Amino acid sequence: MLGATKPATARLPVLLDPVAASSFLGVLSDGLSAEAVQKQRSLFGPLVGEQVASDVLTVVDDGRLLDGPGAAPFDGEGVPTGRTELLSSGVLNGFLHNTYTARRGDTRSTGNAVRGYRSSPGVGTTNLFVQPGDRSFEQLLRQAEGGVLVQDVTGVHSGANPISGEF
């Protein structure tokens, strides 16, 4: 850009629009799989029951969400899908499971087995989303006045380390 200058270094509020936020959530979702935890490839492994995010963040995977693209009554193993609250007010509740990871973890499947027609079942999300808060996007923009609105991110997946959480 002609005449552009580098801005001064500052601590500013950052607001992610839904598309940019979904890119970051997609990277973090890998670490919320019990398969990644059991293979020690998740930064969330030992943190169940601990505050891992802001207390305004609730992350849910819901295979029965009718508006969601991954809605289905059953997962790739025939286990009923359902609602799994992974983070509640920033506290890590647990992980997504298929029957194999559930058996290894001495728990029940969350109905998150995914598979191709030639593969054994892995663990994946169905309809992963952030529970809406009590403020509108416009209210958040006003609150973050002087901050940065991120509308697009490039290379998030190639520049992210899902094991350490570094971007």
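Tutor: A salt bridge is a side-chain nitrogen of Lys or Arg within 4 Å of a carboxyl oxygen of Asp or Glu. This is a predicted model: local features need pLDDT of at least 70, side-chain atom pairs count only at pLDDT 80 or more, and totals for chains, interfaces and linings use all residues. Residues are numbered from 1 along each chain as its sequence is written, and side-chain values use heavy atoms, without hydrogens and water.

Student: How many salt bridges are there by this rule?

Tutor: Side chains of opposite charge can pair when their charged atoms come close. Apply the rule, and the count comes to three.

Student: What is the N to O distance between arginine 83 and glutamate 85?

Tutor: The side chains of these two residues meet in a salt bridge. Their N to O distance is 3.4 Å.

Student: Is aspartate 134 buried or exposed?

Tutor: Aspartate 134 forms a salt bridge with arginine 135, with the closest N and O atoms 4.0 Å apart. Buried means under 20% relative accessible area, exposed over 50%, and partly exposed in between (1.4 Å probe, protein chains only). Aspartate 134 has a relative accessible area of 71%, so the residue is exposed.

Student: In which strand does leucine 16 lie?

Tutor: Leucine 16 is partly exposed, with a relative accessible area of 32%. Strands are DSSP runs (E, at least two residues), numbered from the N terminus. Residues 14-16 form the strand that holds leucine 16, namely β1.

Note on methods: Helices (H or I, at least four residues) and strands (E, at least two) are DSSP runs, numbered from the N terminus.
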